[in-house]
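Visitor: I've never read a protein structure before. Could you walk me through one, feature by feature?

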Amino acid sequence: MSRSHPVGRLWRLMRGSLWPLPLVAVTLAVTLGLLMPVLDGFMGTPNEGSPLSFVFGGGPAAARDLLAAIAGSLISVTGVIFSLTVVALQLGSSQYSPRLLQTFATDPVVQATLGQLTATFVYALTVLRTVRTEDADGPAFVPRLSITLAFLFALGSVAALVFFLGHLARSLRVEVMLRDVHDEAMESLQRAGDEPDEPPVGLPPGPGTPVEAVTSGFVVAVDEDRVIEQARAQDAVVALSPRMGDSVVAGTPLAHVWSRSGAPVQDREKLADAITGAVAVSHERTPEEDPAYSLRKIVDIAGRALSPGINDPTTAVHALSHVSALLGDLLPRHTDVTARRDEEGVVRLVLPRWTAQALLRLGLEEPLEYASGQPAVLRRIAGLLRELGWRVRGQGLDADLHALTDRTAQLAVETTSVDDREAALWRSAVADALAGRWSVAAGLIPPPAASDPQPR
């Protein structure tokens, strides 16, 4: 099912928010809190030697004190823990990238911990209302099995808090953040699958009829089946203007439509409604179908690490390793456009894609701008280009990689202690990788000069 389908949009909203899983947990807790006392009423007070002799054995006052203590302590701890978490995430976002907060919101550990704490709180409150003391209206009632279950939930909440704090401390490490963002991109690529190569698509003659966007935001999904179905009914061809992840502005062209017969489209309004309804637009980009967004996050981390206020070249070097891995996975899949056909094999929808040149600019343009005077970072960029040369050799990107290598070498010679001899090795290593040669001896570390002392 396409993620721009209403169900797909709902799933995307739930997956990217903190509230859905806790809401489900609270609903289950209320249901369980209503049913367990009923079960206690049927079972009655356990006798000595019965299978339920292990359950809570106190009276109504003790039961109320225990449930009140569980509810009060959990809601207090939940508020404090998540307040501290937000502060820590704000510090992390200011140092690395504010877009990493989105990754935190989709973290299943965070969602499960919040669900565990809130569900235990609500369950304790729901059971508390059923505890009765003996009076004129009836005998005392203590839901012993329900209270025992609340105690077990409280123990589970304590374990969840300890695990969550360890997970939080680990998640704020930049290496873990980079790995999580990298995993996001790989999941997106796996969902996309391997698309068959399409020959260049020729659109019908003429400029086409523009279809304007009705909302502003970022393209996060396209319901291709809906557009193809309506285009087939109108015997039309639709070409979207923005790529996945691009921003659109209401009132500007979202797509262009051509009639294959050359005559005007019969029901243009219906086709336009299908197009605008099929393109999901959100106020923020999402990584589900947009691996370039994950690359954008990693580049942001590298750029922030190279800023004068932070000056952390080691983090930038680590980020560039992930940039190398992602570009190596993305570049072999690049095509200018992707054609979608109907059941008869007729092209009905043309989607623009991130080209190899655009991905190279996204991954390396800003790091090169910020890497002036940083020899370790420039050496890593040279190594990155060598790795890409090996992975995309024979795919027509030689000129682009050579140009980036020349720019990197020139910047290194002009702004760092890197000399012409080492820069020449960078160019040679990239050329060798593009030719299918990877010599350990001819790596990016320059050999000693003749005047240098030789190791014994």
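Predicted model: local features only at pLDDT ≥ 70, side-chain atom pairs only at ≥ 80, totals over all residues.

Guide: Residues are numbered from 1 along each chain as its sequence is written, and side-chain values use heavy atoms, with hydrogens and water left out.

Visitor: Okay! How many helices and strands does the protein have?

Guide: Helices (H or I, at least four residues) and strands (E, at least two) are DSSP runs, numbered from the N terminus. Here you get 15 helices and 8 strands.

Visitor: And what share of the residues counts as buried?

Guide: Buried means under 20% relative accessible area, exposed means over 50%, and partly exposed is in between (1.4 Å probe, protein chains only). Of the 456 residues in this protein, 48% are buried. The accessible surface (Shrake-Rupley method, 1.4 Å probe; for residues, only the protein chains shown count as cover) comes to about 22,700 Å², and 59% of that belongs to carbon and sulfur atoms.

Visitor: Which residues have the most contacts inside the largest nonpolar core?

Guide: A nonpolar core is a set of buried Ala, Val, Leu, Ile, Met, Phe, Trp, Tyr and Cys residues joined through side-chain atoms within 4.5 Å. The largest one here has 53 residues, and Leu 295, Leu 331 and Ile 381 have the most contacts inside it. Several helices supply at least two residues each to this core, including α7 (174-192), α10 (291-305) and α13 (375-391). Helix α11 gives the largest share, 8 residues. Apart from this core lies another of 32 residues, among them Leu 67, Phe 82, Phe 121 and Leu 145.

Visitor: What is Ile 381 in contact with?

Guide: Contact means heavy atoms within 4.5 Å. Leaving aside neighbours within four places in sequence, Ile 381 is in contact with Leu 320, Leu 364, Pro 367, Leu 368, Ala 371 and Thr 408. Across the protein, 76% of the contacts with a separation of 6 or more are between residues 24 or more positions apart.

Visitor: Now the strands. Which strands pair with β5?

Guide: Two strands pair if DSSP finds at least two bridges between them. Strand β1 (residues 209-212) pairs with β5 in the antiparallel sense over 4 bridges, with Pro 210 bridging to His 256 in β5. Strand β3 (residues 236-240) also pairs with β5 in the antiparallel sense, over 5 bridges, and there Val 237 has Trp 258 of β5 as its bridge partner. Strand β5 itself (residues 253-259) is mostly covered, with 5 of its 7 residues buried.

Visitor: How many salt bridges are there?

Guide: Side chains of opposite charge can pair when their charged atoms come close. The rule for a salt bridge is a side-chain nitrogen of Lys or Arg within 4 Å of a carboxyl oxygen of Asp or Glu, and by this rule the count is 21. Take Glu 224 and Arg 340, whose side chains meet at 2.8 Å, N to O. That pair links distant parts of the chain, with Glu 224 in helix α8 (residues 224-233) and Arg 340 in strand β7 (residues 337-341), 116 residues apart. Glu 224 is partly exposed because its relative accessibility is 22%, while Arg 340 counts as buried because its relative accessible area is 19%.

Visitor: Last one: which residues form a nonpolar patch on the surface?

Guide: Patches are made of residues with over 30% relative accessible area and no salt bridge; like charges are joined within 9 Å, and nonpolar side chains (Val, Leu, Ile, Met, Phe, Trp, Tyr) within 5 Å. Here Val 38, Leu 39, Phe 42 and Met 43 form one, with about 410 Å² of accessible area together. Met 43 lies in helix α2 (residues 20-43) and counts as partly exposed because its relative accessibility is 39%.
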